[in-house]
Amino acid sequence: MNLTDRIVVITGAAGGIGAALARRFTAEGAAAVVLADVNSEAVRAVADGIGPIAHPVTVDVTDEEQVRTLVADTEQRYGRIDLFCANAGITTGGGIEIDDAGWDRAWRVNVLAHVYSARAVLPGMLAQGGGHLLHTCSAA
């Protein structure tokens, strides 16, 4: 995909793969990268390191309304979303001994957040005649 002048949204952008995607897409000519993460300070630091095309946003991807707002605000600010990277992910930090709350959190971040992003971004992409939805998955 040619990223020149594209509008990109990345969840889980405060570090790791998300931050690396943001830096790479910027280097490849993206017009804007919207960096979304639950960690406000860390995502702001990544955006500051990238420069003025980076826009940090605090979002909890387990809350469908926050994901819808992320998409709506980005479309209002930039007119469209060309690439949405549903990248947020967590590990439980253990195995079967993890309590139900830990497993529920992992399910909501690692699975439902991807559903929420598709529900939110696909209508706009279909209306504009195209776009890309990238889901990051991990064996971790």
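**Terms against values**

Tutor: Start with helix α4: the cover over its buried residues includes α3 (64–78), β4 and β5 (132–135). Cover here rests on contact, meaning heavy atoms within 4.5 Å. This is a predicted model, where local features need pLDDT of at least 70 and side-chain atom pairs count only at pLDDT 80 or more, while totals for chains, interfaces and linings use all residues. Residues are numbered from 1 along each chain as its sequence is written, and side-chain values use heavy atoms, with hydrogens and water left out.

Student: Which residues of α4 are buried?

Tutor: They are A106, V109, A113, H114, Y116, S117, A118, A120, V121 and M125. Buried means under 20% relative accessible area, exposed over 50%, and partly exposed in between (1.4 Å probe, protein chains only).

Student: What makes α4 a helix, and how does its span fit?

Tutor: Helices are DSSP runs of H or I with at least four residues, strands are runs of E with at least two, and both are numbered from the N terminus. Helix α4 has 29 residues, 100–128. The expected span is 1.5 Å times one less than the number of residues.

Student: Where is the kink in α4?

Tutor: It is centred on L112 and amounts to about 40°. The bend at a residue is the angle between two axes, one fitted to the seven residues ending there and one to the seven starting there. Just past α4, G129 has a positive phi of about 90°. D5 has a positive phi too, about 65°, although D5 is not a glycine. D5 sits in the segment before β1.

Student: Why is G18 called buried?

Tutor: Its relative accessible area is 0%, so G18 is buried. G18 belongs to helix α1. Leaving out residues up to four places away in sequence, G18 touches I10, G12, A13 and N87. G18 and A86 are 68 residues apart in sequence, yet their C-alpha atoms are 9.1 Å apart.

Student: Why does S138 count as exposed?

Tutor: S138 has 62% relative accessibility, so S138 passes as exposed. S138 lies in the segment after β5. Its C-alpha atom is 9.3 Å from that of I90, 48 residues away along the chain.

Student: What makes a set of residues a nonpolar core?

Tutor: The members are buried Ala, Val, Leu, Ile, Met, Phe, Trp, Tyr and Cys residues joined through side-chain atoms within 4.5 Å. The largest such core here has 19 residues, and V8, I10, F25, V33, L35 and C85 touch the most other members. Two or more residues come from each of β1 (7–11), α1 (16–27), β2 (32–37), α2 (40–50) and β4 (83–86). A second, separate core has 18 residues, including A36, I81, A88 and A113. In soluble globular proteins, nonpolar side chains tend to be buried together.

Student: What does C85 touch?

Tutor: Beyond residues up to four places away in sequence, C85 touches V8, V9, I10, T11, L21, F25 and L134.

Student: How do you know that β1 is mostly covered?

Tutor: Five of its five residues are buried. I7, V9 and T11 point one way, V8 and I10 the other. In a regular strand the side chains alternate between the two faces of the sheet. In β2, six of six residues are buried. There A32, V34 and A36 point one way, and V33, L35 and D37 the other way.

Student: What joins β1 to β2?

Tutor: Five bridges, and the two strands run parallel. Two strands pair if DSSP finds at least two bridges between them, so five is enough. I7 stands opposite A32, and V9 has V34 as its bridge partner. β1 also pairs with β4 in the parallel sense, over three bridges, with I10 opposite C85. β2 and β3 (54–58) pair in parallel over five bridges, and D37 stands opposite T58.
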